[in-house]
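Thank you all for making time this morning.

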Amino acid sequence: MDVNGFEANPSYGEIEEIQDEIDKRFKNFKKFDIISDPPFNRQFDKKKPINKHSPLGISSQLTEKLQEECVVLEANLPNSILLRAYENRTDLMSAVIIGPPKTPYYHALFFVDILFPSNYPTCPPKLFCQSQGLDLNHPSLQPDGKLFLSLLETGEHWDPNQANLLQVLVAIRRLALNFKPYFTESEKREYNRNAIIFTSEAIVRTLERPPRDFEDFVAGHFRQRAHAILMNYKEHMDESKGMTQLFIKLLRVLEGTGAYCLTNSATAPFSISAAFISKPIPLI
């Protein structure tokens, strides 16, 4: 069983496990880890709190509180959430959340930058979702990275004596990403179709430029789930030129991870493109 709690032959896709460095690094990727420094392209890099009594600019009270949070996170993070804390910027963390099943966001990865204000936990942490500049067709996730969650509202929803980052991350996956609008059947199909399109484009961009410190996880995650991702896309796919072209783009980047399927009648692997396309369709 790997870091995400999946068996060697997961039921959601017939992906051959190729024992190479990608698989090894993926299986060894920790759900929680503390590394030295955050990447320079994160949203909150320049927002450094100033405290003359601390060489890191962070108060001892906040440092102590975040150390307690790290203990809770390391022991209780679910398999669908991974997190990196930073030794030289204890007020920053980065998380990745796997989209929940039975939603258009299943299998997609949502990267969240986290900043703890100097008065945390009196005030909630600030979160920024790396949306890849895309409108993911979701009321809680904005193209500019803003994330709306009632738990993050100071007042009746945020209880500094009870709430913590673990609750916030779990709430994002259970509540925000499980958003189910009250639509008619045709409206629901259209909503899911649009969400699938934007989510698939985000998968392509994530594979092309994986966030630093999560490269090994991104490569292994999408290799393992390539077949399921493509099947999910096909369920919502129409015959429009745009969806066909995006499907080909998605297929190509997934093949770039080394993903292969197995036929039902043979054990030899073949390119996943053969499983979905009988004739090559050129991208325009």
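One aromatic cluster is formed by Phe26, Phe29, Phe111, Phe214 and Phe217, where rings of Phe, Tyr and Trp (its six-membered ring) pair if their centres lie within 6.5 Å, and where planes under 30 degrees apart count as stacked, over 60 as edge-to-face and the rest as tilted. Please keep in mind that this is a predicted model, in which local features need pLDDT of at least 70 and side-chain atom pairs count only at pLDDT 80 or more, while totals for chains, interfaces and linings use all residues. Residues are numbered from 1 along each chain as its sequence is written, and side-chain values use heavy atoms, with hydrogens and water left out.

By that ring rule, the count comes to 8 aromatic pairs. In one of them, the ring centres of Phe29 and Phe214 are 6.1 Å apart and the planes stand at 40°, so this pair is tilted. Phe29 sits in the loop between helix H1 (21–27) and strand E1 (32–35), and Phe214 in the loop between helix H4 (185–208) and helix H5 (215–236), so the pair ties together parts that are 185 residues apart in sequence. When I say helix or strand, I mean DSSP runs (H or I of at least four residues for helices, E of at least two for strands), numbered from the N terminus. Phe29 and Phe214 are both buried, which is to say under 20% relative accessible area, with exposed meaning over 50% and partly exposed in between (1.4 Å probe, protein chains only).

Another aromatic pair, Tyr105 with Phe110, is edge-to-face, at 5.9 Å centre to centre and with 70° between the planes. Tyr105 has 1% relative accessibility and therefore counts as buried, and Phe110, at 6%, counts as buried too.

Let me turn to the helices. The axes of H4 and H5 come within 11 Å and cross at roughly 155°, the axes being lines fitted to C-alpha atoms, for helices over the stretch in contact, with angles running from 0 to 180 degrees between N-to-C directions. That makes H4 roughly antiparallel to H5, given that angles over 145 degrees count as roughly antiparallel, under 35 as roughly parallel, 65 to 115 as roughly perpendicular and the rest as oblique. Among the residues making this contact (heavy atoms within 4.5 Å) are Asn192, Ile196 and Ile203 of H4, together with Phe222, Ile229 and Asn232 of H5.

The contact involves residues including Phe222, Ile229 and Tyr233 of H5, and Met243, Leu250 and Leu254 of H6.

Finally, I would like to look at Tyr106, which is placed in the loop between strand E3 (92–98) and strand E4 (109–115) and which, at 25% relative accessibility, counts as partly exposed. Setting aside residues up to four places away in sequence, Tyr106 touches Gly99, Pro100, Pro101, Arg225 and Asn232. Asn232 belongs to helix H5 and is buried, with a relative accessible area of 16%. Apart from neighbours within four places in sequence, Asn232 is in contact with Pro104, Tyr106 and Ile196.
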